[in-house]
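Dear colleague,

Please find below the structure that I am passing on to you. I would be grateful if you could read the notes that follow with the structure open.

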Amino acid sequence: MTVYFDLEYKCHVSNDGTMTAVDTDAFDGKCDAYIEGYRFVPEGEIWVREDGVLFSGEMIAPWKPWNELDVAQREYEREQIAQY
Amino acid sequence: MSEVFITRRGGGGAGLDFKIVNGTTQPTSPGENTIWVNTPTEITGYVFSATQPESPTAGTVWISTGASSHAAFNAMKKNGLWVYPQACYQYINDTWTTKTAKTYQDGTWVDWITYLYAMGNEYKSLTGGWSGASAGFGEAIGSVPTVTKGATTITAEITTRYKSGQLITANSIDLSAYNTLSFNVAILVAGGEDEDDYCPWVGVFSQRGGRYNSTAIARAFATTTGIIDVDISNVAAGYVGVGLYYNNNVGKSSITLSAVYCS
């Protein structure tokens, strides 16, 4: 799937015209709320966290509390099952 | 960040308010800001630096620094020079070797980081031990990797084509106090000719087993040896480990770790 990341490497499911597109299977089966709680740092790029620690891509990591993203994903999966 | 300074073993020179000592037994009467490096090897000098020092001499201790630490201290008797130690290495036999270190502060020894694996120690009271687990990857079928536990490293490998698995902690680890998960990769074999697609993954998973491409909470590609960091600042807990997938032509997918730690 295609996701988009902004200058802070935060993921988005749609592009506001300023973002970079990436084709990845890292979020296959995940709902939009889950995806948009993540950072995607592509290979060859480096994200500098606000405390100065460097992270080299490819790396994915949540920028929102993962427990909240997991709740959203489980609700999404329940909704998917309920449809059938 | 460039190298801060180098001085001889003992530190504590004029103006400095810390001391670095070696030994395999925790010092019994330490002064404030005594840094104890758990090593039998004489410390010939030390470097505080965020990046690996170039051209070290044998016995040099490298104290890796960052912007935060559980054992931050003011290095000067007067004025302020705050240092944030995170990890410790010593140059032995032409290799940077992970060493545990602690600082004596306010009457107690403070750990810099929390190890989950280091130099043969699995820290079982915390991790429950490290072992292989069958875990799928995409359409690949899971298989338990072959795990070899050496004196100073732990290795996992998948040698059957189109199989995948994990080397992973038995316990879910409470990561709420940490921001960074680090893997010190000593040896690496990507499981296929396209390294990007078939390199091992290092990180935190929501479970042992399952399909590790779906259960990964935070992960990085292991494409080179050395230290690989994963941001876990928004991860409260999880199983720490590695995912391996062997695709074709290179014989196996394999990873050898010398240390895994949280800071």
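Buried area is the accessible area, taken with a 1.4 Å probe, that two parts lose on being put together, summed over both. The size of an interface is often given in this way. Please note that this is a predicted model.

The contact between the chains

By that definition, chain B and chain A bury about 1700 Å² between them, and 45% of this area lies on carbon and sulfur atoms. On the side of chain B, the residues that lose the most area to chain A are B:Arg219, B:Asp231 and B:Asn234, which together account for 36% of what that side buries. The contact draws 22 residues from chain B and 22 residues from chain A.

Between chain B and chain A there are 2 salt bridges. In a salt bridge, the side chain of B:Asp231 meets that of A:Arg49, at 2.8 Å from N to O.

Which elements of chain B each supply at least two residues of the side that touches chain A? They are helix H3 (212–215), strand S21 (216–221) and strand S22 (226–231). Of the residues on this side of chain B, S21(B) gives the most, with 6 residues. By type, the residues on the side of chain B that touches chain A divide into 9 nonpolar, 9 polar and 4 charged.

Strand pairing also links the chains: strand S7 of chain A (residues 59–62) is joined to S21(B) by 2 bridges, and the two run antiparallel. Here A:Ile60 stands opposite B:Arg219 in S21(B); B:Arg219 is also among the residues of chain B that lose the most area to chain A.

A buried strand in chain B

I would also draw your attention to strand S17 of chain B (residues 163–169). Of its 7 residues, 6 are buried, so S17(B) is largely enclosed by the rest of the structure.

The pairings of S17(B) are as follows:

- With strand S13 of chain B (residues 130–134), S17(B) pairs in the antiparallel sense over 5 bridges; B:Gly165 is the bridge partner of B:Ser134.
- With strand S14 of chain B (residues 141–142), S17(B) pairs in the parallel sense over 2 bridges; B:Lys163 stands opposite B:Ile141.
- With strand S23 of chain B (residues 237–246), S17(B) is joined by 6 bridges and runs antiparallel; B:Leu167 stands opposite B:Val242.

With kind regards

Terms used
Residues numbered from 1 in each chain as written. Chains lettered and ligands numbered in written order. Predicted model: local features only at pLDDT ≥ 70, side-chain atom pairs only at ≥ 80, totals over all residues. Heavy atoms only, no water. Contact = heavy atoms within 4.5 Å. Salt bridge = Lys/Arg side-chain N within 4 Å of Asp/Glu carboxyl O. Helix = DSSP H or I, 4+ residues; strand = E, 2+ residues; numbered from the N terminus. Nonpolar A, V, L, I, M, F, W, Y, C, P; charged D, E, K, R; others polar. Pairing = 2+ DSSP bridges. Buried < 20%, exposed > 50% of the residue type's maximum accessible area, 1.4 Å probe, protein only.
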